Amino acid sequence: MAASLQVSWPGLVRQIVIPAVLPAFATTMRMTFDLAFLGLILAEMFSSSSGIGYELLRNVSLLRMKTSWARLC
């Protein structure tokens, strides 16, 4: 359709390609952030002396489940 309407290359990219790619790009960015955050918490759980992961693991080992659940929410 773009060819039949004689849309230029910049117009094709701006009007067709970018809107088609945006939903997949947003989903990818969200998943990337989620996985990076999970990796950060896991790294803190096993090799840190502070942070959310360290506090979570410490509270679980001390059987303080209410405190560990409250830190996550």
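A: Let's begin with a contact between two side chains: Glu 55 and Arg 58 meet in a salt bridge, 3.0 Å from N to O. The term stands for a side-chain nitrogen of Lys or Arg within 4 Å of a carboxyl oxygen of Asp or Glu. By this rule, the count comes to one salt bridge.

A word on the model itself: it is predicted, so local features need pLDDT of at least 70 and side-chain atom pairs count only at pLDDT 80 or more, while totals for chains, interfaces and linings use all residues. Residues are numbered from 1 along each chain as its sequence is written, and side-chain values use heavy atoms, leaving out hydrogens and water.

Both partners belong to helix α2, three residues apart, which separates them by about one helical turn. Helices here are DSSP runs of H or I with at least four residues, strands are runs of E with at least two, and both are numbered from the N terminus. As a general point, an α-helix has 3.6 residues a turn, so residues three or four places apart point the same way.

How covered are the two partners? Glu 55 is buried, with a relative accessible area of 19%, whereas Arg 58 is partly exposed at 32%. Buried means under 20% relative accessible area, exposed means over 50%, and partly exposed lies in between, using a 1.4 Å probe and protein chains only.

After α2 comes Leu 63, whose phi is positive, near 60°.

Now for the setting. The chain has three helices and zero strands, in the order α-α-α along the sequence. Of its 73 residues, 14% count as buried.

Helix α1 holds another pair of side chains, Phe 33 and Phe 37, four residues apart, or about one turn. A search of the whole structure finds one aromatic pair. The ring centres of Phe 33 and Phe 37 are 6.2 Å apart with planes at 15°, so this pair is stacked. Rings of Phe, Tyr and Trp (its six-membered ring) pair when their centres lie within 6.5 Å; planes under 30 degrees apart are stacked, over 60 edge-to-face, and the rest tilted. Phe 33 is exposed at 57% relative accessible area, while Phe 37 is partly exposed at 38%.
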